[in-house]
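Here is a short briefing to read alongside your model. Keep the structure open as you go, and follow the topics one by one.

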Amino acid sequence: MARSILGLVGLAATLVFALPVALLGLEFLVGGDTLVGAGLLVVAGLMIAVEELLTTPGDVPELVAKQTVGRLAKTDDEE
């Protein structure tokens, strides 16, 4: 799926915070503290997943536009 410039900037900002958490989790895993290490890796994964899956107020106009165009514009196959 194509990403807008603002989407890429948002993902980059999320990765700036999530990657150090993931690296710290790996450091704890290598050091033998598996519970803390796994927990930090889960937190880093959730940070990225929330950024990808969460619908923000800025996403609502785009979703409404897609649904409206989908209802109004019919292709030759759908007629």
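Glu51 is found in helix α2; helices (H or I, at least four residues) and strands (E, at least two) are DSSP runs, numbered from the N terminus. This is a predicted model, in which local features need pLDDT of at least 70 and side-chain atom pairs count only at pLDDT 80 or more, while totals for chains, interfaces and linings use all residues. Residues are numbered from 1 along each chain as its sequence is written, and side-chain values use heavy atoms, with hydrogens and water left out.

**Glu51 and Thr14**
- Glu51 counts as partly exposed because its relative accessibility is 25%; buried means under 20% relative accessible area, exposed means over 50%, and partly exposed is in between (1.4 Å probe, protein chains only).
- Not counting residues up to four places away in sequence, Glu51 touches Gly7, Gly10, Leu11 and Thr14, where contact means heavy atoms within 4.5 Å.
- Glu51 and Leu15 are 36 residues apart in sequence, and their C-alpha atoms are 9.8 Å apart in space.
- Look next at Thr14, which lies in helix α1 and is buried, with a relative accessible area of 14%.
- Leaving aside neighbours within four places in sequence, the contacts of Thr14 are Met47, Ile48 and Glu51.

- The 20 residues of α2 should span 28 Å at 1.5 Å a residue, and the end C-alpha atoms are 28 Å apart, which agrees; the expected span is 1.5 Å times one less than the number of residues in the helix.
- Which residues of α2 are buried? They are Gly37, Leu40 and Ala44.
- Seen down the axis of α2, these buried residues fall within an arc of 70°, so they line one face of the helix; the arc is that of the directions from the helix axis to the C-beta atoms.
- The buried residues of α2 pack against α1.
- On the other side of α2 you will find Thr34, Leu35 and Leu53 exposed.

- Val43 lies in helix α2 and counts as partly exposed because its relative accessibility is 41%.
- Between Val43 and Ala18 there are 8.1 Å in space, C-alpha to C-alpha, although the two are 25 residues apart in sequence.
- Leu26 lies in helix α1 and, at 43% relative accessibility, counts as partly exposed.
- Leu26 and Leu41 are 15 residues apart along the chain, with their C-alpha atoms separated by 7.4 Å.

**A nonpolar surface patch**
- Leu24, Phe28, Leu35 and Val36 make a nonpolar surface patch of about 360 Å².
- The elements that give two or more residues to this nonpolar patch are α1 (5-31) and α2 (34-53).
- Patches are made of residues with over 30% relative accessible area and no salt bridge, with like charges joined within 9 Å and nonpolar side chains (Val, Leu, Ile, Met, Phe, Trp, Tyr) within 5 Å.
- A salt bridge here is a side-chain nitrogen of Lys or Arg within 4 Å of a carboxyl oxygen of Asp or Glu.
- Val36 is found in helix α2 and is partly exposed, with a relative accessible area of 35%.

**The chain as a whole**
- The chain has three helices and zero strands, and from the N terminus on its elements run α-α-α.
- Of the 79 residues in the chain, 11% are buried.
- The chain exposes about 6,300 Å², and carbon and sulfur atoms supply 71% of it; accessible areas come from the Shrake-Rupley method with a 1.4 Å probe, and for residues only the protein chains shown count as cover.
- Among contacts between residues at least 6 apart in sequence, 44% join residues at least 24 apart.
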